[in-house]
Each structure stands twice: as C-alpha cells, then as structure tokens.
Amino acid sequence: MKNSAKNKRTRIGSNTVFLSLLLLILPFLFSTSSFGQTTEPGAEYPLWSKKKVKMIELSWSNPTVEFLAKNIQGLERSCPMNGITVRFYGSDPNKKKVGTNAMSRNPWKYEWFKETMDLYKKIPFKKLTDNFFYTVVSPGDADWFKDEDWAAVCNNYGIAARVAKETGMRGICFDIEEYGIKFWDFSTIKTGQTYEQAYKMARQRGEEWGKAVFGAYPEIAILALHMMSYGGKSSSLTVPFFNGVISVMPTGATLHDGLESASYHAKKATDYDAMSFMLDRKYLERIEISNVFKYRTQIKLAPGFYMDGMFTENKESIWHKILQPEIGENPKEFFRRNLMSAERISDEFIWIYGEKGAWWTGTRYPLWEDRVPGITNVVLSVNNPEMLITGDLANLLKNPEFKEKKKDWNFWQIEQEKKNVPLPGRGFEEDGLLKIEGVTSGCFVQSVPVEPGSLYYLKVTARYENETRGFGSATIAFKDKNQKWNHFEQKKNVPFPKNKSGWITETILFTVPEDSHYISVQMGANNLGKGGQVAFQKIALFKL
C-alpha cells in the first residue's frame, strides 16, 4: 500500500496533491473517536487502547419510553446489560404511533416526538447508559428511483438521529433485515433499470441517508446488525448504499457491524477470530478505494447472540443442531465461553437478541432468569465480574497480602536459567508489598490448583516506585495434572500502564481449559533497568 501510494505521488509529480491528501488525513490521525481511547506513555506518542465493551439488549421485549418511565428501577436491577434498544414513538395528528418503521415514504415530523422526548429526559438512568433508538427497514416501500420517497426516508432517519442526540442516546439501531418488501437485492427490483443504474442510485441514496443522519448527530454510533454481509458482492444493493453512507461520514461517527449471520453461527473462539478476519479482509473487498481509510478506522465490529438459538427445549431445532457439538449439554457455559470470545474481538458493543424471553418483568414474555436459572450471572461474569465478588467468596491465593515474608511466593528471573551469569535484579518483600527491582525478566510465582472448565477472576494492584523503561504485568499460565505447562495459546497477560500514577488495578477473567488442573499466577516485570522498581499489593483470585 505504501509503495503504491509513493508511486502514485511520483507519477503525479505534484507536491500540491500530496499536501492536500495530508490535510485530509490529519484530522483522522488525531481523532480519538476514530481510533478509540488513548494511553499516554509520553505526551508526544499516544497509544491506542480498546474502549470498554458494552452489552446492548435487543429483543422482542425491548421497551417503549412509557414503559421505561414506569419501570426503570426494576428494569435496571434485573437487566445485566449496559444499554437497551428503545421503541421511541411519536404520535401523528391522527394519534397514530410512528417511530420504529423508518424506511417509509410517509414522512414524520419532529414535533410528533416532543412529548416522548420530554418524558425520556426525565428517566433517572443509572446503569443503562448506552441506549439506541430502534429502527427497522419495514415497510420498505420506498422506490430507489423516486426522489420523494427517499426524501421521506432520509427525513425519518434524520429525525431518529436528532431525537437520539437530544435525549443523550448513543445513536440508532439500524436493522436492515427485510421484514416487509424486499429491496436490498437487485433481483427484486422490477423497474426495468440495469444493475449499473441501480448501483449508482443506491449509492446516491446512501449519501443522502448519511447526510441526514450525520447532519443531525455528527458523533452518532450506528448499530447495524448487517452491513456488507447482507447479500452478494455483485448483486446486493447494500454494497453501494453503505459505500454512500461511509463516503459522507464525519470523523466522530462510527458504524458498528453486527455480522448477524456469522454471530449466530459462532461456536468457538476461532469462529470469533474468523469474524475479525471477515470485517478486516473479506468485506474490505466491497469497499470503494476512496472509503478504505474510513472503513479501517470508523467501522467497528459488534458481535451478537441469539438467545433462543442457544436456550431451547426443542433439541431438534435448527439452531440447536447448528451449534453442536460445542453447545453440548451445558448451553450456559457455551454462552459464557462465547461471550468472552466476543468481548475479546468487539470494538465497543455486543448485542444480545431474544424472542421468547425478557430480562425484566412487565412484558408478555417469561423472564430469562426463570427459563435459564443463573443466566443473569453468566452475563455479569463477563460484563462486570466485579459485581460477583461477594464477601463469601474466598481468595484462593496463599499469603495474598504478604504478611508472612517469603512464604508461598517464589521469585524467579531469567538469568537463573544460565550458569555463571550474574543476576541483575531481585525480588523482595518490603512494608507488606512484593517488589521487583532491576530485572531483565522476572516474576513472583504461585501455583494454584483449579477446576477444569470453571471460571476464575484475578485482580491485582501494582504501582511503579520510580521511573523505569520497563513494565510490570500480571500473568496467568496453565498446567496439566502433573504440573507440566500446557495451553500456551491461552496464556493471559495484562501489563500495567505507565501513564497512570499511584496504584493501578488490573483484572483477568478466564476459563480453565478442560485438561488443565493448575494455574501459575505470576506477578512480573521486564527490562526494569538498574534501580527500576515495581510493587504489588492486594492480589486476589476468585472462582466465580
């Protein structure tokens, strides 16, 4: 890519073109909204870091604003998510509700939503902070080639975006699956136009749609359950439509691709790695060259889950069969494992969809907690494991506060593996802290028996005692029943960031592989240099 860009500049032979491109790119290079949060090892060199992943509830039971206003306390108590999709309705002059079916040639008016907006603003949200205005593309009666139809569609989505912004929502949920008229695939278009004409028009409509949405909410997050994956590369009009949308995206906006089909079929960790590859490479082939930079920086991966596909009494259901053999006889643990894999690859959101269940009372659906006892804690264990740490949970580490000097913690550094090599550093206890000084690579180690297949949570607090070029870290590694190392690919390591002063707490959530019976808990440091020190305190290991 770099070489081809260089050759292009050489062929053009113009510094003016190069400077114009540079000015175009610079805003993106310094936009944290495009690249995620940053950590600061030095003021001149900000590093990218992943945003906290938020879980979004999306189901047949998703609430209206009126329901939220009456039930918010109970809903937030029972729902283990960070956000919900909201059925946000306004009323037209005939008292007919409008607000979800936005892909319509019947235009809304902003004033119709004013009363519902005022009600939503009064709801005392404490836990559900990342909410989305829910929309679907039914009835889908807009003709690609009629300007007045698309003026209505763009008007409606522009109003949805404006409402989302003015009420403090993160954005809109854009479910493009066709529940009414089919219009995304060219084979369903019966207007006598060629595919080239339809492609050009769909791209224009994408630009118009994007201008309406981004004009109303420039920093919007759009949760799209499908994007380029909906239909074929050479027939689906999603390809030109979303290229048009991306072409007019401002720097602060993000599109979160739910990859619905791949999400529902995912059974194991490698399937989630494959989803990353799909977004990064497979569907990159459907992106116009001029949109590649925005696609790389502003299109995010948001994997999803279909609850009814995992939790069903009908063992002959198509989804139960698809998820075999991995789902086995323990769908809760299957769900937990896959949630952890989804959290690993998600850029910011995970969405959870259900049909015949609800996370709160007051709907016509049974509670998920009644259908699948313990399911709430499964979600919490991944979303916010700290909530599961109660007073009756025992710390599985021995001497975790180092009250007994040099007991239960062994110290190792890499030079011990070689003969006649001086040890550059040391590990010691001082003032109730474990400290590591001057090592090239070294750690305090404790081996702990664990239960294969179970979920554990390590919590470690550390600080840098002085300036050092190296890093401290916490590590989990696995051993078999004979205490021989195994599953190196599942080793977990979390470094302690150096941009923060004082005590820093990091955590590791992990499931023990089925043939591992011990874990090695390691408080370590690398390349500290002469006199560089890292201290550790408050180390705890819990079985959840």
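Before we look at how two helices pack, one definition: a helix axis here is a line fitted to the C-alpha atoms over the stretch in contact, and the angle between two such axes runs from 0 to 180 degrees between N-to-C directions. Keep in mind, too, that you're looking at a predicted model.

With that in hand, go to helix H4, residues 65-78, and helix H5, residues 114-121. Their axes sit 9 Å apart and meet at an angle of about 25°. Angles under 35 degrees count as roughly parallel, so H4 is roughly parallel to H5. As for the hand of the crossing between H4 and H5, it's left-handed.

Which residues of H4 and H5 make the contact? On the H4 side you'll find Val 65, Glu 66, Leu 68 and Ala 69, and H5 brings in Thr 116, Leu 119 and Tyr 120.

Now zoom out to the whole protein. There are 16 helices and 25 strands to find your way around.

How far can you trust what you see? The mean pLDDT of the protein is 89, and 91% of its residues reach 70 or more. The stretch to treat separately is residues 1-35, where pLDDT stays under 50. For those residues the model has 25 contacts beyond four places in sequence.

Finally, a few backbone details to look up on screen. As a rule, most peptide bonds are trans, and most residues other than glycine have a negative phi. Against that background, start with the peptide bond from Ser 138 to Pro 139, which is cis with omega near 5°. Pro 139 belongs to strand S8, residues 132-139. Another cis peptide bond joins Gln 324 and Pro 325, with omega about 0°. Pro 325 lies in a loop, the one between helix H13 (318-322) and helix H14 (331-345).

Then there's Lys 95. It isn't a glycine, yet its phi is positive, at about 65°. To find Lys 95, look in the loop between strand S5 (90-91) and strand S6 (97-98).

Conventions: Residues numbered from 1 in each chain as written. Predicted model: local features only at pLDDT ≥ 70, side-chain atom pairs only at ≥ 80, totals over all residues. Heavy atoms only, no water. Helix = DSSP H or I, 4+ residues; strand = E, 2+ residues; numbered from the N terminus. Parallel < 35°, antiparallel > 145°, perpendicular 65-115°, else oblique. Left-handed = near helix turned anticlockwise from the far one by under 90°. Contact = heavy atoms within 4.5 Å. pLDDT = per-residue confidence, 0-100.
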